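Work through the exercises below with the sequence and the structure open beside you. Each task is followed by a solution in steps.

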Amino acid sequence: MKVHLITVVGFLSILAVVTCLAPGLWAAASIAGEWDATAKTSWGETYQLTVVLEEGPDGVSGRVLGPGGEVSPLKDVKYEGEQLSFSVEIGYTTYTAQLKVSGDTMEGEWEGGGDSGTAQATRRK
């Protein structure tokens, strides 16, 4: 009986240490940071943007820094599982994006202003 009790106590001790030291193993990966993004239009033109994402108690928020230095806040931001979606107004045009997040990369599609295309981004280190 002592052997079984020692084994159970040992297992519970290891489980407690792992639970305390590695809570991030069960948490969703953070998407916070600066992302270098490329948006490609349906006719092949590309635009370089920076997407800044922040995570807080109310969820994900952020902004887009355009090629001319303009700053546009993200709206309607949703991040569930691996899917990130948001809208952003640049100039007088609203664009929407749906992206799949995989570690330090994102890929997906955007649309707005009568056009659509693909987008990809890499998190800055």
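Contact here means heavy atoms within 4.5 Å. The model is a predicted one.

**Exercise 1.** State in which order the eight strands close into a barrel, and in which sense they pair.

*Solution.* Start with the order, which is E1-E2-E3-E4-E5-E6-E7-E8. Next, take the sense: the pairing is antiparallel.

**Exercise 2.** Find the bridge partner of Leu84 in E6.

*Solution.* First look at the strand pair: E5 and E6 are joined by eight bridges in the antiparallel sense. Then locate Leu84 and follow its bridge into E6, where the partner is Leu99.

**Exercise 3.** Identify the residues that touch the most other members of the largest nonpolar core.

*Solution.* The core has 20 residues, and those with the most contacts to other members are Leu53, Leu84 and Met106. Now see which strands contribute: E1, E2, E3, E5, E6, E7 and E8 each supply at least two residues of this core. Then take Met106 and set aside its neighbours within four places in sequence. Its remaining contacts include Leu53 and Leu84, along with Trp35, Leu99 and Ala119.

**Exercise 4.** Decide whether Asp76 is buried or exposed, and describe its phi.

*Solution.* Begin with the location: Asp76 belongs to strand E4, residues 71-80. Exposed requires over 50% relative accessible area. Asp76 has 57% relative accessibility, so it counts as exposed. For the backbone, recall that most residues other than glycine have a negative phi. Asp76 is not a glycine, yet its phi is positive, at about 50°.

Definitions and conventions. Residues are numbered from 1 along each chain as its sequence is written. This is a predicted model: local features need pLDDT of at least 70, side-chain atom pairs count only at pLDDT 80 or more; totals for chains, interfaces and linings use all residues. Side-chain values use heavy atoms; hydrogens and water are left out. A nonpolar core is a set of buried Ala, Val, Leu, Ile, Met, Phe, Trp, Tyr and Cys residues joined through side-chain atoms within 4.5 Å. Buried means under 20% relative accessible area, exposed over 50%, partly exposed in between (1.4 Å probe, protein chains only). Helices (H or I, at least four residues) and strands (E, at least two) are DSSP runs, numbered from the N terminus. Two strands pair if DSSP finds at least two bridges between them.
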